[in-house]
Amino acid sequence: MNINKADIPEIAPTFRFQWEEVQDCYVVLYPEGMVKLSGSAGEIMKRINGEHSVDTIIKDLETTFSENKLEDDVIKFLEVAYDTGWIRNKK
Amino acid sequence: MTPAGLETKSDLKPPLWLLAELTYRCPLQCPYCSNPLEIAKYQNELSTEDWVRVMQQARKMGAAQIGFSGGEPLVRPDLEELVQEARHLGYYTNLITSGVGMDEARIKRLKDAGLDHIQISFQASDEELNNFLGGTKTFQHKKEMARLVKAYEYPMVLNIVIHRKNIDQIRDILEMTVELDADYVELASTQYYGWSRINVDQLLPTREQLARAEIVAKEYQERMKGKSRIIYVIPDYFENRPKPCMNGWGAIFLTIAPDGTALPCHEAGQLPIDFPNVKEVSVEEAWKDSPGFNHFRGFEWMKEPCRSCDEKEKDFGGCRCQAFMMTGDAANTDPVCDKSPKHQELLDDVERIEKLAAQEAAHQVEAKPLVFRNMKNSKQIVKEAADV
């Protein structure tokens, strides 16, 4: 999947992303299954809402965590998230 | 944190999965149903309020997935209300249904209530066999419902229970799932519990059939990569190591039977163990403190060859119910394991059934009729058990 920084991702309707208090992490839920996300994956997913572009998400993360080279890591995670079907581009 | 390997009660993890068996009433009569043979005894179903309380308590502990199952959960008129409450509590909500009792209005109402996923079961890929196995005319309706599930943007999981009577149609079954655009396909080999256990002579596939089916399943797994996830597991009777049943007893699964009995798995009701009822205790008490849930936790209960086995942490000695059904003692090693002293008996039984299948195929013997899962047959079975 080739990611364009102008793409606007959204959580696919067949998956659900939410905070799980007892697990103390963000999770992705799908039919009869659950994936626990790492802290950084959770921070990326949390910004995916069908409004923010990939570029906006990267910049926001860089500002929030005072880091400036997050692009590669974010793109790498988004590739996985597109491939597994958790997210799709807003039409 | 405690040192690795040290099990204390405070390490006990919460249930992740709540299986809500809302009812054992069902319009179908599948002879491989995993419900207990004694379905006729479960007349007192939990009320809406009971279910809401159970869902709240389990969610608070950490359960993230809820499966509304049965019997046929659509039989309950309060299903939408329960789905809405479950979704509101933050569960991922799964409906496990035959599709019978569903129509477009209800699919829409369930979507509005927040239902996340509908799993529809098919008995076979052709109308005649599907209807014969289900004991009712439902095939076209199921296909129609599967299309609607897709139209309403639910993830579509198709579940087809595989056994000797339909395994040779596996290519047609997979073609049907392609046509219906399924996201997930579960080719679920019949597991021999409940009704399927009394029909095992008629349902167990032969090794030859399994080998042929596996080739086709692999072909479709390859072909549908990225579009549809196809899961195919062979019956454990043909394995040498047991399944890690329920990921361990009382580890992540919590089943609530229609009458409120809390169980570590939906088959465990057949064991000679007392299980708590959520009408009398909270979900937390049932999970943490009841003798039933603690019965096979950890490794202390194990007998040989499990006790000294270096694989015990991998498969927990297999399935307690299978051990009970085949050896009379639920603490024994699951006879699927070739280290079990009873493994040879299982092999002999499989061989006997394969011979029977060959004789039937050659019309040397007439196939025994299947015992269909319905209240009439259940009452008869309960009565016969009482007479013994």
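**Cavity, interface and backbone**

Analyst: The largest cavity holds about 90 Å³ of space. Keep in mind that this is a predicted model.

User: How many cavities of 30 Å³ or more are there by this rule?

Analyst: The count is one.

User: Which residues line the largest cavity?

Analyst: The lining consists of Arg241(B), Pro242(B), Pro305(B), Cys306(B), Cys309(B), Glu311(B), Lys312(B), Asp315(B), Gly317(B), Thr333(B), Cys337(B) and Lys339(B).

User: And by class, what does the lining of the largest cavity have?

Analyst: Five nonpolar, two polar and five charged residues.

User: Back to Pro305(B). What is the peptide bond from Glu304(B) to Pro305(B), cis or trans?

Analyst: That bond is cis, with omega near 5°. Pro305(B) sits in the loop between α11 (291–294) and α12 (312–315) of chain B, and Pro305(B) is one of the residues lining the largest cavity.

User: What about the bond from Gly70(B) to Gly71(B), cis or trans?

Analyst: The Gly70(B) to Gly71(B) bond is cis, with omega near 15°. Gly71(B) is in the loop between β2 (65–69) and α2 (79–89) of chain B.

User: OK, interface now. How many residues does each chain give to the contact?

Analyst: Chain A gives 15 residues and chain B gives 25 residues. Between them the two chains bury about 1,400 Å², with 53% of that on carbon and sulfur atoms.

User: Which residues in chain A lose the most area to chain B?

Analyst: Arg16(A), Pro31(A) and Glu32(A), which together account for 43% of what the chain A side buries.

User: How many salt bridges between chain A and chain B?

Analyst: Three salt bridges. Among them, Arg88(A) pairs with Glu153(B) through their side chains, at 3.7 Å from N to O.

User: Which elements of chain A give two or more residues to the side that touches chain B?

Analyst: β2 (16–20), β3 (25–30) and β4 (33–36) of chain A. The largest share, three residues, comes from β2(A).

User: How do the residues on that side of chain A divide by class?

Analyst: Seven are nonpolar, four polar and four charged.

User: Last one, on the backbone. What is phi of Asp24(A), positive or negative?

Analyst: Phi of Asp24(A) is positive, near 60°, in a residue other than glycine. Asp24(A) lies in the loop between β2 and β3 of chain A, and both of those strands give two or more residues to the side that touches chain B.

Note on methods:
Residues numbered from 1 in each chain as written. Chains lettered and ligands numbered in written order. Predicted model: local features only at pLDDT ≥ 70, side-chain atom pairs only at ≥ 80, totals over all residues. Heavy atoms only, no water. Contact = heavy atoms within 4.5 Å. Buried area = accessible area lost by both parts, 1.4 Å probe. Salt bridge = Lys/Arg side-chain N within 4 Å of Asp/Glu carboxyl O. Helix = DSSP H or I, 4+ residues; strand = E, 2+ residues; numbered from the N terminus. Nonpolar A, V, L, I, M, F, W, Y, C, P; charged D, E, K, R; others polar. 1 Å grid on protein atoms, 1.4 Å probe; cavity = no way out; pocket = protein on both sides within 12 Å on 5 of 7 lines; lining within 4 Å. Points joined across faces, edges and corners; volume = space filled by probe spheres on them.
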